[in-house]
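Please prepare a report on the pockets, the cavity and the ligand surroundings of the structure below, giving the cut-offs behind each term.

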Amino acid sequence: MSAKKYNVCVLGATGMVGGVMMKVLEERDFPIDKFLPLASSRTAGQKVTFKGKEYEVIEAAPDVFEGMRIGLFSAGAKVSAVFAPEAAKRKCVVIDNTSHFRMEPDIPLVVPEVNGHALKKNNGIIANPNCSTAQLLMALKPIYDEVGIERLVISTYQSTSGWGKEAVAEMYEQTAALLKDPGVKIEPKYIFKQIAFNVVPQIDSFMDNGYTKEEMKMVNETRKILEDDSIRVTATTVRVPVAIGHSESVNIKTRKKISVARVRELLSKFPTVKVVDDPAKGQYPTPIDCVGRDETLVGRIREDISQENGLEMWIVSDNLRRGAALNAVLIAEKMINEGLL
Ligand code: 3JN
């Protein structure tokens, strides 16, 4: 990377993704001159530590972006809607982790390893995909490039951290309460139904077509990132009582036949994908294996016995990291390396 250093702000610095963004920036020794942690009025004033130094989190306002060059945003779609244009206007390039701009035609939606080329044409706002989409595409891209994809049927098993700190705490609190008294009445607060000892087939709100917003994000974002609206995609997204790490069962109908051996070979060569797939040795990925790791883990790769050109696979990744923070930092690094920043 260049010797140049950048003024970087993180909006949503008190949240789970914001925390991992700061960690990833530190770990990768991102070239930072001035660092500014920001949040909405709800959590501004709290303290965060970055590179061993304590910072007070400043409340986001248009003027705070003056002099900033890179903004990593993860404070919710409404906050981004207000502040991303304000930041971009002040020459602070925004990498936004919310859904607000993802489907806007002139805003690139990017997983760097998959469609990094899309960064070239931007108006100062880049969208980071939904966490479930990002990890999915890491595993699909090499297959798509080799044989094309006709249809995808996805079922997700998403951890509570995808819904924020409060949802993770809610899972532990409910679990503790039920261990103490199995008959206790659980009142869900952040997750739509009891999450302890349960699974909940609703993530985000329902739409008129019966799908949830999370499901339609996966459908629409997959097509945008692969630049292929002909792919048919359906998804059921489910919350499970796991703290970190989203899992996905994916059925793929390819346009041409591909062997399982070739899929394993292609995935093994793809950056930040790791094949963990040795059924004879009982090896396949589970969410606890992916926590804190950059790699998307893929296993259970097999031919679908029910159709021609069908594949089944299981994709696991750290949703806070791969699906959000790392993806955002990789976008910034790629823009620097390509002279876009
Ligand atoms: O729950 C998950 O696992 C992922 C949730 C993502 C999410 C939650 C609330 C609002 C998003 C997102 O990234 O799409 C949004 C949003 O930005 O709309």
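## The largest pocket

The largest pocket has a volume of about 1,400 Å³, where a pocket is an open set of points on a 1 Å grid over the protein atoms alone, with protein on both sides within 12 Å along at least five of seven lines. Its lining comprises 49 residues, of which A75, G76, A77, G162 and W163 are the closest to the centre; a lining residue has an atom within 4 Å of a point. Grid points are joined across faces, edges and corners, and a volume is the space filled by probe spheres set on the points.

This is a predicted model, in which local features need pLDDT of at least 70 and side-chain atom pairs count only at pLDDT 80 or more, whereas totals for chains, interfaces and linings use all residues. Residues are numbered from 1 along each chain as its sequence is written, and side-chain values use heavy atoms, with hydrogens and water left out.

At least two lining residues come from each of α1 (16-27), α2 (77-89), α5 (165-180), α6 (213-226) and α9 (321-337), and α6 gives the most, with six residues; helices are DSSP runs (H or I, at least four residues) numbered from the N terminus. By class, the lining of the largest pocket has 18 nonpolar, 20 polar and eleven charged residues, with Ala, Val, Leu, Ile, Met, Phe, Trp, Tyr, Cys and Pro counted as nonpolar, Asp, Glu, Lys and Arg as charged, and the others, Gly among them, as polar.

## The ligand

The space taken by the ligand is the largest pocket, by the criterion that more than half of a molecule's atoms lie within 2 Å of the grid points. The ligand is surrounded by 14 residues, the closest being S99, Q158, K217, R239 and H246, where a residue counts as near if one of its heavy atoms lies within 4 Å. This shell has three nonpolar, seven polar and four charged residues.

Taken alone the ligand exposes 420 Å², and the protein buries 82% of that, with accessible areas from the Shrake-Rupley method with a 1.4 Å probe.

## The second largest pocket

The second largest pocket has a volume of about 220 Å³ and is lined by 13 residues, with P105, D106, I107, P108 and K121 nearest its centre.

Technical notes:
1 Å grid on protein atoms, 1.4 Å probe; cavity = no way out; pocket = protein on both sides within 12 Å on 5 of 7 lines; lining within 4 Å.
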